[in-house]
Amino acid sequence: MANNSLTVTDNRTGKTYELPITDGAIRAMELRQIKASPEDFGLMTYDPGFSNTACCRSAITFIDGDKGILRYRGYPIEQLAEKCSFLEVAYLLCEGELPNRAQLEAWEVKVRFHTYVHTNITKFLEGFRYNAHPMGMLLGVVGALSTFYPDAKNISDPANRYLQRVRLLAKAPTIAAFAFRHSRGLPFVFPDNDLDYIGNFVNMTFSIGGRHKPNKVLQRALEILLILHADHEQNCSTSAVRAVGSSHVDPFSAISAGIAALYGPLHGGANEAVLLMLDEIGDKKNIPRFIEEVKAGRGRLMGFGHRVYKSYDPRAKLIKKVADEVFAETGLNPKLEIALELERIALEDEYFIKRKLYPNVDFYSGLIYQAMGYPTEYFTVLFALGRMPGWLAQWEEMLLDKDQKIARPRQIFTGRDERPFVPIERR
Ligand code: ACO
């Protein structure tokens with residue numbers, strides 16, 4: 001009997017099966033041979049939320065949730081956040097290696113060349129209501145880009161995929177900035193390609209009557225936040241990109257599915273939810289009552305807890321440092337005081353300790369974004385800009401993986417057995 005295998009006995013039949021173990025996993029399809037009778041479909045696994053199911057082999061991002069480790073392509077997030085530009089990290093994620101100077105310059109020029117969008121895009125945006133949520137606008141417009149680039153359907157050509165990756169990275173800030181300005185009734189500012197990636201985005205969002213005067217500390221803080229969000233292996237939105245992309249649709253459509261997934265309050269919407277929660281709490285004196293409500297199961301402490309990190313979220317540690325730098329520039333956000341106290345109380349509370357609930361990346365990011373001048377509903381858009389390279393790298397990896405097929409999970413049917421149709425007048 002091979003060492004690297006699992007022996008399973010089916011007590012319904014008394015039969016024993018040996019299933020190979022590779023990379024700490026068995027192939028779920030190996031279970032199909034286990035049948036109670038010849039007509040039986042075969043054994044399946046039941047894993048809602050995919051808590052213990054690996055859906056791919058990936059070389060992009062490594063996380064050890066118990067130790068609080070996050071690495072992109074082998075490099076610790078702490079070092080990347082300290083030393084790299086966002087486009088450098090995007091190159092690393094998408095191309096697999098850190099660029100040398102010439103490669104980085106060429107990459108920056110390429111991305112810069114594609115920042116413009118067709119002016120018809122502005123007409124879409126004008127069609128949105130004045131109070132449309134910017135994530136709704138972003139997901140709609142990114143999806144619509146597929147109609148501008150029908151060539152993107154040719155996903156079997158590596159050069160074509162590369163071009164679409166560059167387009168998505170380059171145009172996402174432009175669309176995001178347009179969505180920001182639409183909400184405020186401001187005219188759109190087109191890209192200024194003398195500026196770098198972050199500077200250009202900040203200028204497109206904030207400039208009024210001339211180029212925006214950059215604040216280097218805030219721009220670097222924004223860049224670090226985007227780097228911290230750039231990939232997080234098989235999270236909800238990345239899984240959405242992979243699942244939708246597995247139908248071989250164009251990347252604009254697949255990425256818009258990722259944006260849609262990120263929009264939800266349990267995923268990218270969490271930083272927005274944190275700010276709403278802090279508003280609701282309103283004052284430090286209300287924290288104990290709020291915590292009791294959470295513990296009684298009436299609501300969650302937003303920005304706490306993570307499916308993977310069960311000791312601490314390394315991104316949250318880095319973000320706290322960024323927060324200090326930003327607040328030194330902008331002055332203290334009064335909500336920060338509530339957040340710090342909330343964190344202190346929760347970290348000492350048995351309920352949170354027992355469940356290994358710690359601040360996640362979103363606990364402080366919203367406060368920083370607010371200090372930078374972004375409205376609450378815009379936070380998730382900033383997350384989407386950060387996550388773009390991760391989605392693109394994962395999409396590429398999925399397409400090149402010979403093991404991948406169209407995503408099509410199984411179900412356990414719990415509905416009614418066949419029954420005769422009842423005409424409407426007898427129902
Ligand atoms: N506040 C209070 N209780 C919580 C919280 C929370 N934030 N998170 C988890 N719990 C409790 C659950 O009620 C559950 O308790 P129980 O065992 O008594 O039923 C236990 O902790 C385990 O929770 P699960 O929901 O099983 O944990 P899961 O891994 O499925 O969820 C999630 C992870 C969705 C992030 C969750 O912790 C949560 O909802 N957090 C708040 C939202 C949030 O901050 N999301 C951002 C995540 S980071 C990101 O997406 C970038």
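Which residue in β5 is the bridge partner of Tyr 72? The close-ups below will take you there, strand by strand.

This is a predicted model, where local features need pLDDT of at least 70, side-chain atom pairs count only at pLDDT 80 or more, and totals for chains, interfaces and linings use all residues. Residues are numbered from 1 along each chain as its sequence is written, and side-chain values use heavy atoms, with hydrogens and water left out.

**View 1. Strands β1 and β2 pair in the antiparallel sense.** Strands here are DSSP runs (E, at least two residues), numbered from the N terminus, and two of them pair if DSSP finds at least two bridges between them. Residues 5-10 make up β1 and residues 15-20 make up β2, with six bridges joining them. Look for Leu 6, which sits opposite Leu 19 of β2. Four residues lie between the strands of this hairpin, and Gly 14 takes a positive phi near 80°.

View 2. Strand β3 (residues 61-64) pairs with β4 in the antiparallel sense over four bridges. Phe 62 has Arg 71 in β4 as its bridge partner.

**View 3. Side chains alternate along β4 (residues 69-72).** In a regular strand, side chains alternate between the two faces of the sheet. Leu 70 and Tyr 72 point to one face and are buried (under 20% relative accessible area, 1.4 Å probe, protein chains only).

**View 4. β4 and β5 form a hairpin.** Strand β5 (residues 75-76) pairs with β4 in the antiparallel sense over two bridges. Here is the partner we were looking for: Tyr 72 is bridged to Tyr 75 in β5. Two residues lie between these strands, and Arg 73 in the turn has a positive phi of about 50°.

Methods:
Buried means under 20% relative accessible area, exposed over 50%, partly exposed in between (1.4 Å probe, protein chains only).
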